[in-house]
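Hi there,

Here is the structure I said I would pass on to you. Please have it open while you read, and take your time with it.

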Amino acid sequence: MHCGRVIWSGGSRLGRSSLLVEMSMILSASVIRVRDGLPLSASTDYEQGTGVQECRKYFKMLSKKLAQLPDRCTLKTGHYNINFISSLGVSYMMLCTENYPNVLAFSFLDELQKEFITTYNMMKTNTAVRPYCFIEFDNFIQRTKQRYNNPRSLSTKINLSDMQMEIKLRPPYQISMCELGSANGVTSAFSVDYKGAGKISSAHQRLEPATLSAIVAFILSLLCGALNLIRGFHAIESLLQSDGEDFNYIVAFFLGTAACLYQCYLLVYYTGWRNVKSFLTFGLICLCNMYLYELRNLWQLFFHVTVGAFVTLQIWLRQAQGKAPDYDV
């Protein structure tokens, strides 16, 4: 594994592009937030060859699809490859020539990931609003890129061996051009098979990071479910003691418990028709509390219905990742 060395000066843009193809090297790298495609940092030395500039369009298109893709992928674009890995809501993407070794490419991305996670906490990356707000990370990208463009200077043989084994056991998913769509913005839906990851369907989409209000809603919903469960068991005891307890009250308590727990599930996991299911579940909570009107005072009824409405709102606010604004990556 070694990179070619070419001495060249002058010439046209087309000549420079053909030289890049003959060399084995990393050309550029970017750090992108997964949920909305916001570029957080990038190398600032893009080559100006026609093929390289075309690849920037694929960077932009991939950034909008990151939430729907496996965490390790490769896109082959003729003479160049785009590789990326994703972790903790951030994706690390790089452009290299087609003959650049896979093990070096993903080892390079792994180093970027470790350094970025060490330098910036998740709160900063989740709350960032400006593109390239971590542009100072470019200094590390440049230094690492220079090292990996001269593999003889690398002193990480053990790490490379580990990465080679990992890639062999779990190879990157190969994205095809028909899945990506055309560069003019017409894209197709991703429905792909991935070794070790299964089919990427709506059931496996990731949700946006949970906010403090979503965590509070989750806890309150569990509390309401527990209260309904306890009252349900008390109702069963009263029925067994022949105290004239209505069996329908027992059903209402346990239905209320199930509705609260299902709201917790919808808050944590993505499913099809998730918003509709949350509204129907809230309706069931309201009906159960209406039926239990004689067993609860107004404050108890208000608490249960308000918590149900609050959880429903949080489910609606916490949507799936992947709707990306048109950032210029």
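Below is what was found in it, from the overall picture down to single residues.

A word on the ground rules. This is a predicted model, in which local features need pLDDT of at least 70 and side-chain atom pairs count only at pLDDT 80 or more, while totals for chains, interfaces and linings use all residues. Residues are numbered from 1 along each chain as its sequence is written, and side-chain values use heavy atoms, with hydrogens and water left out.

**The overall picture**

The protein has 11 helices and eight strands. Both are DSSP runs numbered from the N terminus: helices are H or I with at least four residues, and strands are E with at least two. Of the 329 residues, 46% are buried. Buried means under 20% relative accessible area, exposed means over 50%, and partly exposed is in between, using a 1.4 Å probe and protein chains only. Among contacts between residues at least 6 apart in sequence, 70% join residues at least 24 apart. Contact here means heavy atoms within 4.5 Å.

**The sheet**

Six strands form an open sheet in the order β2-β1-β5-β4-β3-β6, with mixed pairing. Two strands pair if DSSP finds at least two bridges between them. Which strands stand at the edges? They are β2 (39-42) and β6 (173-175); each has a single partner strand, so one side of each is left without a neighbour in the sheet. On average, neighbouring strands of this sheet are turned by 20° against each other, direction ignored.

β4 (residues 80-87) and β5 (residues 90-97) are antiparallel and share eight bridges, with Y80 opposite T97 in β5. β1 and β2 also run antiparallel, joined by three bridges, and S30 stands opposite A42 in β2. These two strands form a hairpin with five residues between them, and G37 in the turn has a positive phi of about 75°.

**Helices across the sheet**

Helix α3 (residues 102-119) lies across β1 (26-33), β2, β3 (72-77), β4 and β5, at about 40° to β4. Such axes are lines fitted to C-alpha atoms, for helices over the stretch in contact, and angles run from 0 to 180 degrees between N-to-C directions. The 18 residues of α3 should span 26 Å at 1.5 Å a residue, which agrees with the 26 Å between its end C-alpha atoms. The expected span is 1.5 Å times one less than the number of residues. Buried residues of α3 include V103, L104, F108, L112 and F116. Helix α5 (residues 138-148) lies across β1 and β2, at about 145° to β1.

Leaving aside neighbours within four places in sequence, its contacts include V31, V90, F116 and T125. L40 and T125 are 85 residues apart in sequence, yet 7.9 Å apart in space, C-alpha to C-alpha.

**The helices towards the end of the chain**

UniProt, in an unreviewed entry, lists residues 210-230, 250-269, 276-293 and 299-317 as "transmembrane region". UniProt positions are given in the numbering used here, feature names are shortened, and annotations may be inferred rather than shown by experiment. In the model, residues 250-269 are 95% helix and 0% strand, with end C-alpha atoms 29 Å apart. Residues 276-293 are 89% helix and 0% strand, and their end C-alpha atoms lie 26 Å apart.

The axes of α10 (residues 274-291) and α11 (residues 298-317) come within 9 Å and cross at roughly 180°. These two helices are therefore roughly antiparallel; angles under 35 degrees count as roughly parallel, over 145 as roughly antiparallel, 65 to 115 as roughly perpendicular and the rest as oblique. The contact is made by residues including S278, F282 and I285 of α10 and H304, G308 and T312 of α11.

S278 of α10 is buried, with a relative accessible area of 1%. Not counting residues up to four places away in sequence, S278 touches Q263, L266, T312 and I315.

The buried residues of α11 are covered by elements including α8 (212-240), α9 (247-268) and α10. The buried residues of α8 pack against α9 and α11; among them are A214, S221, G225 and G232.
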